[in-house]
Amino acid sequence: MDQEAEWRFYAQALTKRGYVVFEAGSYDKTATPETWNMVTKVHQRKIELCDIVAFISKLDGSLGDHSSDDLEYARKFKKQIVPAASLITVSTDSSEPEK
């Protein structure tokens, strides 16, 4: 969740457009392996339930290891995978998405 502020922006914008948003969720990077395993299972279940998997690339255009794993998991379930930015159009003078 290195891009937590960006995810919040997209989650709010997509919700305003009528999408049901399953957010990745926050986690403690020092979590035990057991906790991390549970967080991963819950996140994978969200992927299974969704219609579209939206992602945010890092500033350099790459994806983190966890994001790459998530997209591979989504492909396994033949989910539509799109950049989050492609789901909204942002007006130049506000954070409200255009309709």
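**Contacts and surface**

Modeller: Let's start with E72, which is partly exposed because its relative accessible area is 49%, where buried means under 20%, exposed over 50% and partly exposed in between (1.4 Å probe, protein chains only). Bear in mind that this is a predicted model, where local features need pLDDT of at least 70, side-chain atom pairs count only at pLDDT 80 or more, and totals for chains, interfaces and linings use all residues. Residues are numbered from 1 along each chain as its sequence is written, and side-chain values use heavy atoms, with hydrogens and water left out.

Biologist: Which side chain does E72 meet in a salt bridge?

Modeller: A salt bridge here is a side-chain nitrogen of Lys or Arg within 4 Å of a carboxyl oxygen of Asp or Glu. The N to O distance for this one is 3.5 Å. The partner of E72 is R75.

Biologist: How many salt bridges does the structure hold?

Modeller: Besides E72 with R75, there's R45 with E48, whose closest N and O atoms are 3.1 Å apart. Both of these residues lie in helix α2, three residues apart, about one turn of the helix. R45 counts as partly exposed because its relative accessibility is 44%, and E48 is partly exposed too, at 26%. The total is two.

Biologist: What is the geometry of the aromatic pair F9 and Y10?

Modeller: Rings of Phe, Tyr and Trp (its six-membered ring) pair if their centres lie within 6.5 Å; planes under 30 degrees apart count as stacked, over 60 as edge-to-face and the rest as tilted. By this rule there are two aromatic pairs. For F9 and Y10, the centres are 5.2 Å apart with 75° between the planes, which makes the pair edge-to-face.

Biologist: And Y73, is that one buried or exposed?

Modeller: Y73 forms a tilted pair with F77, 5.0 Å centre to centre and 50° between the planes. F77 is partly exposed at 35% relative accessibility. Y73 has 14%, so it counts as buried.

Biologist: Where does L49 lie?

Modeller: L49 is partly exposed because its relative accessibility is 47%. Together with V20 and F22, L49 forms a nonpolar surface patch. As for its location, the answer is helix α2 (residues 33-49).

Notes:
Patch = residues over 30% accessible without salt bridge, like charges linked within 9 Å, V, L, I, M, F, W, Y side chains within 5 Å. Areas by Shrake-Rupley, 256 points an atom, 1.4 Å probe, with all protein chains shown as cover. Helix = DSSP H or I, 4+ residues; strand = E, 2+ residues; numbered from the N terminus.
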